[in-house]
Amino acid sequence: MQRAQTFSTILRNALPARIIALAALAIAPAILSAGAASARPITFNDSYIGAGVSAGVTNGGQNGDAATLGGNIQGRFAVPNAPISVRGAVLFSDESAAIMPLLTYDVPVSDNANIYAGAGYSFADKEGKPSPLGNKNAPVLTAGAEAGIGRNVVVYGDAKWGIDAYKNSPADALSFQAGVGYRF
């Protein structure tokens, strides 16, 4: 019993809570939906490109780190016959942009809609200048939903969490996006 407590204490001190939370958040969707996703066919298996609004809702605590309203350009490349997608997003403000490649795990919720969760990396085009997702390069987690409307139109919305995404600050960034896209 003493060894288990000692090991647990060493593990807790060695692994920051943020890394543990990140790992749990990254693997949870795959574990929780593995049975349901494999039992149902992937129905929203289209790729798209879209644009919309983006709202950064956090502040890094330094001068120039205020929450930022801007826009987004997002795209999805559906990997055929697989529950994953390769995505790209650009979240921009009047001063800077966060450019990010992402890989997501997609779970169908109806014939024409998915929810998704995944991870990627945000590259700040001008470090130190505010974008909706902080002001420096950072790992990113995302979760969202998308639905086809009509033949070629898709609507989407998601949240992106930039981990340690502010220069000279340990703060994380959070932004919300919504948009409309052309699906092909």
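Q: Okay, where is the place of Thr104?
A: Thr104 is in strand 4. Keep in mind that this is a predicted model.

Q: Is Thr104 buried or exposed?
A: Thr104 has a relative accessible area of 2%. Buried means under 20%, so Thr104 counts as buried.

Q: What does the side chain of Thr104 make a polar contact with?
A: The side chain of Arg87, at 2.8 Å.

Q: And which residues is Thr104 in contact with, leaving aside neighbours within four places in sequence?
A: Arg87 is on that list too, along with Pro83, Ile84, Ser85, Tyr116, Ala117, Gly118 and Thr142.

Q: Let's look at strand 3. Which residues are on its covered face, and which on the uncovered one?
A: Ser85, Arg87, Ala89 and Leu91 make up the covered face. Ile84, Val86, Gly88, Val90 and Phe92 are on the uncovered one.

Q: How do strand 3 and strand 4 pair, and over how many bridges?
A: They run antiparallel, over nine bridges.

Q: What about strand 2 and strand 3?
A: Strand 2 covers residues 69–78, and its pairing with strand 3 is antiparallel as well, with eight bridges. Ala78 sits opposite Ser85 in strand 3. This hairpin has five residues between the strands, and Asn81 there takes a positive phi near 60 degrees.

Q: New topic: which residues are in the largest nonpolar core?
A: There are eleven, among them Ala89, Leu91, Met100, Leu102, Leu133 and Val140. Strand 3, strand 4 and strand 6 each supply at least two residues of this core. Strand 4 gives the most, with three.

Q: Pick Val140. What is Val140 in contact with, leaving aside neighbours within four places in sequence?
A: Quite a list, including Met100, Leu102, Leu133, Trp161 and Ser122.

Q: Where is the place of Ser122, then?
A: Strand 5, which spans residues 113–124.

Q: Is Ser122 buried or exposed?
A: Ser122 is at 1% relative accessibility, so it counts as buried. Not counting residues up to four places away in sequence, Ser122 touches Val140, Ala98, Met100, Leu133 and Ala138, among others.

Conventions. Residues numbered from 1 in each chain as written. Predicted model: local features only at pLDDT ≥ 70, side-chain atom pairs only at ≥ 80, totals over all residues. Heavy atoms only, no water. Core = buried A, V, L, I, M, F, W, Y, C linked by side-chain atoms within 4.5 Å. Buried < 20%, exposed > 50% of the residue type's maximum accessible area, 1.4 Å probe, protein only. Helix = DSSP H or I, 4+ residues; strand = E, 2+ residues; numbered from the N terminus. Contact = heavy atoms within 4.5 Å. Pairing = 2+ DSSP bridges. Polar contact = N/O pair within 3.5 Å; in protein donor to acceptor, adjacent residues only side chain to side chain.
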